Structures are given as C-alpha cells and as structure tokens.
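Work through the exercises below with the model open. Try each task before you read its solution.

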Amino acid sequence: MQADELKQIFREGWMNSSVVEHRVERFIEGEFGFEPSFQAWRSVLKQAIGERNVASAVDMGTGPGTIAQFWAAMGIETTGVDFSATMLAAAREVAAKKGLKINFVEGDAEQPPLKEGTFDLLSSRAVLFTLPHPGYAVARWVRLLRPGGLMVLIGEIPPADSNKQKRAFRPAQGWKPDETYREAMSQLPFREHTDQMLRVVMEAAGLIEIKNLQMDEVISAREVHDKLDPEYGVLQGTPYILTGRRPE
Ligand SMILES: C[S@@+](CC[C@H](N)C(=O)[O-])C[C@H]1O[C@@H](n2cnc3c(N)ncnc32)[C@H](O)[C@@H]1O
C-alpha cells in the first residue's frame, strides 16, 4: 500500500468515535486524571524544559490534547495538530473544561500546515508508531523549531512479559481493526520501536544534546495507580522521554 492509502486507513480508525472516547477515558480521565500520575508527568515535562524560556509549543498528533494541556497550563502558547477531526473535537472539549486556551489545527503530522522556524518547543507522544514515514516526520518537525528549540518525544516500550501485556490491554469498545487495517499496520516501520531506535532518528534529523529523562516518578505513580485500581489496566510498558535541541 502507498503512504497516502495507509494514512487514509489510519485516519478513519482515529476518527472513530469509540476510539476517541477510549483515548479520553484511558488517558485524559485515566492515567492523567490520576493526580499522582498527573503531577509526575508535569514534573518530568517541566524538567524537559529546564531553565529555557519557552513561549510557544506545538504538540503533534495531539489526540485529545494529552500533552498540549500540560504546556498550556504552564502558560505557554500552545498549538495541537491532529488529522482526526473527531479527536480534535474531544480535545477542544477537554481544554474548555480545564479552562485552557489551545489552538487546535487539523493537518497531517508529516506535512504540518505550520510556519517553519516558529516554535520554541515541539512535542509528540505515541504518534511515530502510526506514521508511514517516522524518520521524515522527525526531520520535518526539526524545521518547525526555532534555532535552539527543543524537541520532546514521548513513547512507551511495550512490556516483553506476556502477563504484563494482557494486564495493560484494554481495547476500545465498539471498534476492532479489520483485515485491511491490520495489513496497513504491518507496513509501519516504527510499529514497535525503542527509545534507542528513536535516538538514532533524532541524530539523523540533526538534533543535538539528545537526552533520556529520568522516568522514576511516572513509573512509581503508575505502580500506586495499579495497586489502587487493578481493574483499570495501567500501562505496563516502560515510558520514555527523549529530548533534543535544534542547533543555533
Ligand atoms: C496513540 S494516539 C496519541 C494521542 C496523544 N498524543 C496522546 O498521547 O494521548 C495517536 C494520535 O496521532 C494522530 N495521528 C496519527 N497519524 C497522524 C498523522 N499522519 N497526522 C496527524 N495526526 C496523526 C491520531 O489521530 C491520534 O490522535
């Protein structure tokens, strides 16, 4: 299948209302709605920024605005990009409920409809795995940053342990990938990737000072969440955040 065909198939999947509801329930209300986890993510995202002066941020494949909400709450002028209009409708609702001002833009993360060289920070969480050209996307994202700007890429290394895989598995109710969708997924180069693989892509895209942030706080909060609510199905993988800087 050609990339455009793949994207069309995935876009339909990400537009499905059950998938959108699932994403809101699982992350906005679930992991990020659990106060210790919310605080832990906020703390590590603040560490990513450090002493930098960040006035503008863009979150690619923002979904319901999961990461965009953190930047906006820090007083950063925030844009969220996604190619699913229903996901963006949910994101607008979440932002309104939280009293956050976020500019949501419908567009393809591999061809972002944004001006190059304008953002102090670009983030993306759990998106590269679903793109046909993840390496190209990272290279394009570097160009959106101002010289010296910061990229923050967030992901999850899936658990190797099958018991853990089962415990974390909570599919969206009312939507199942069909044969065509599964075939399209099998063509994705980053369907399963580690932080080490992503590091190489970031280097190739010209980023410097690439760092893995310490995720202990997030992992401890997940352990607390898991004990309190064993039915919830806390993600059992290893979360990572990689940061890199566009050279001046
Ligand atoms: C797994 S969700 C992650 C959402 C959000 N970043 C989070 O952490 O909860 C992947 C998101 O990427 C979006 N997406 C996938 N491919 C895209 C593309 N080519 N352009 C824009 N958005 C895309 C989907 O619509 C979906 O909202």
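The model is predicted: local features need pLDDT of at least 70, side-chain atom pairs count only at pLDDT 80 or more, and totals for chains, interfaces and linings use all residues. Numbering runs from 1 along each chain as its sequence is written, and side-chain values use heavy atoms, without hydrogens and water.

**Exercise 1.** Is threonine 78 buried or exposed?

Step 1. Read its relative accessible area: 3%. Threonine 78 is therefore buried (under 20%, 1.4 Å probe, protein chains only).
Step 2. Check the side chain of threonine 78: it reaches the backbone nitrogen of alanine 72 at 3.3 Å.

**Exercise 2.** How do the axes of helix 3 and helix 10 cross?

Step 1. Take helix 3 (residues 35–49) and helix 10 (residues 216–228); helices are DSSP runs of H or I, at least four residues.
Step 2. Their axes, lines fitted to C-alpha atoms over the stretch in contact, come within 8 Å and cross at roughly 175°.
Step 3. Helix 3 is therefore roughly antiparallel to helix 10 (over 145 degrees between N-to-C directions, on a scale from 0 to 180).

**Exercise 3.** Which side chains place a polar atom by the ligand?

Step 1. Arginine 125 has a polar side-chain atom 2.6 Å from a ligand oxygen.
Step 2. For aspartate 108, a side-chain N or O atom is 3.0 Å from a ligand nitrogen.
Step 3. For arginine 23, a side-chain N or O atom is 3.4 Å from a ligand oxygen.

Technical notes: Buried means under 20% relative accessible area, exposed over 50%, partly exposed in between (1.4 Å probe, protein chains only). A polar contact is a pair of N or O atoms within 3.5 Å; within protein, one must be able to donate a hydrogen and the other to accept it, and residues adjacent in sequence count only if both atoms are side-chain atoms. Helices (H or I, at least four residues) and strands (E, at least two) are DSSP runs, numbered from the N terminus. Angles under 35 degrees count as roughly parallel, over 145 as roughly antiparallel, 65 to 115 as roughly perpendicular and the rest as oblique.
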